[in-house]
Amino acid sequence: MSASRRPVPWPWPRLRPPLLLLLLLALRPRARGDPVPSVPLQPSPEPEAEPGPDPPWCPYKVLSEGQEAGTGRLCFRSPEPDFRCQQRLCKAYRSAGRTLVANVLRNSSVLLQWRPPPAAPARELRGFALNCSWDGSYTRFQCDRVQLGASCRDYLVPDVHDSVRYRLCLQPLLRRPRREPSLPGAPPAPTPPPAECVEFAAEPAGMRDIVIAMTAVGGSICVMLVIICLLVAYITENLMHPAFGRPRGRRQP
């Protein structure tokens, strides 16, 4: 008799029919028409708010007496849009139109701040012209002229003389029309807005500091004199008083 063959054991453990069916469905290759299972997407983190762009640089040219508008060295300065005049450190002077402000600082300098003229459109604005003059003993002297770009909204005037009356005028400059005004049908040239002027006089900061220092020193001297007088009175009353008393008589044996 031939030996009976033993059954070969199944490599997988015995699974229940429902579990086996789910496993076969998972291993089955996906057909083209089968829907793709959706995977829940996690919300992406919101990007952090970036700081706003910095204000544009202010181009300007300082023109001395006799220089033309096209000459001069081009310079740039960073604007100060957040500057606020504090009462103890500066004094503000405004123009008649309230668009030009002169902030007179204690370090003999003036920070000018202005707003663009509302009558002139921004695309027609070419820049600003700053004219300066100050009163002398017998005549009026002219300061250096300054040409500023259209993006400028402030300018620092350094080295202002104390107790001198200054007059600063800011004139907006408009772009020239492309067409010649003599041609028929050409638009008329735009009228530039009037200049805004402000007058001020810087207080003598050095003299004020000297007066404050002299007042402090004088007060200290007065306090010291009072203390010395009190010490002299105390010494005279308590220590030197027995020396001026009457001499006692000696007892006779």
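Guide: Let's start with a word we'll need soon: contact means heavy atoms within 4.5 Å. This is a predicted model, so local features need pLDDT of at least 70 and side-chain atom pairs count only at pLDDT 80 or more, while totals for chains, interfaces and linings use all residues. Residues are numbered from 1 along each chain as its sequence is written, and side-chain values use heavy atoms, with hydrogens and water left out.

Visitor: Which residues is V157 in contact with, leaving aside its neighbours within four places in sequence?

Guide: V157 is in contact with S109, V110, L112 and L168, once those neighbours are set aside. The C-alpha atoms of V157 and L111 are separated by 6.2 Å, though the two residues are 46 apart along the chain.

Visitor: Why is V157 called buried?

Guide: Buried means under 20% relative accessible area, exposed means over 50%, and partly exposed is in between (1.4 Å probe, protein chains only). V157 has a relative accessible area of 17%, so V157 is buried. Across the protein, buried residues make up 21% of the 253 residues.

Visitor: Where does V157 sit?

Guide: V157 has its place in strand 9. Strands here are DSSP runs of E with at least two residues, helices are runs of H or I with at least four, and both are numbered from the N terminus. By that count the protein has two helices and eleven strands. Read along the sequence, the pattern is α-β-β-β-β-β-β-β-β-β-β-β-α.

Visitor: How do you know that strand 5 and strand 9 pair?

Guide: Two strands pair if DSSP finds at least two bridges between them. Four bridges join strand 5 (residues 110-114) to strand 9, and the two run antiparallel, so they meet the definition of a pair. As one example, Q113 has D154 in strand 9 as its bridge partner. In general, strands of a sheet pair through backbone hydrogen bonds, either parallel or antiparallel.

Visitor: What order do the strands have in the open sheet of four?

Guide: The order is 3-4-5-9, with antiparallel pairing. Strand 3 (90-94) and strand 9 (154-157) are the edge strands, as each pairs on one side only. The twist averages 20° from one strand to the next; axes are lines fitted to C-alpha atoms, for helices over the stretch in contact, and angles run from 0 to 180 degrees between N-to-C directions.

Visitor: What joins strand 3 to strand 4?

Guide: Five bridges join strand 3 to strand 4 (residues 100-105), and the two run antiparallel. The bridge partner of Y93 in strand 4 is A102. Strand 3 and strand 4 form a hairpin with five residues between them, and R98 in the turn has a positive phi of about 65°.

Visitor: T99 is in the loop between strand 3 and strand 4. What makes T99 count as buried?

Guide: T99 has 17% relative accessibility, so T99 falls under the cut-off and counts as buried. Not counting residues up to four places away in sequence, T99 touches Q113, W114, R115 and E196.

Visitor: Which label goes with S108 and which with S163, exposed or partly exposed?

Guide: S108, in the loop between strand 4 and strand 5, is at 27% relative accessibility, so S108 counts as partly exposed. S163, in the loop between strand 9 and strand 10, is at 54%, so S163 counts as exposed. S108 has a positive phi of about 60° although it is not a glycine, and S163 has one of about 55°, also without being a glycine.

Visitor: Why does Y166 count as buried?

Guide: Y166, found in strand 10, is at 5% relative accessibility, so Y166 counts as buried. Among the residues Y166 touches, not counting those up to four places away in sequence, are C132, W134, H161 and F200. Y166 and S133 are 33 residues apart in sequence and 5.9 Å apart in space, C-alpha to C-alpha.
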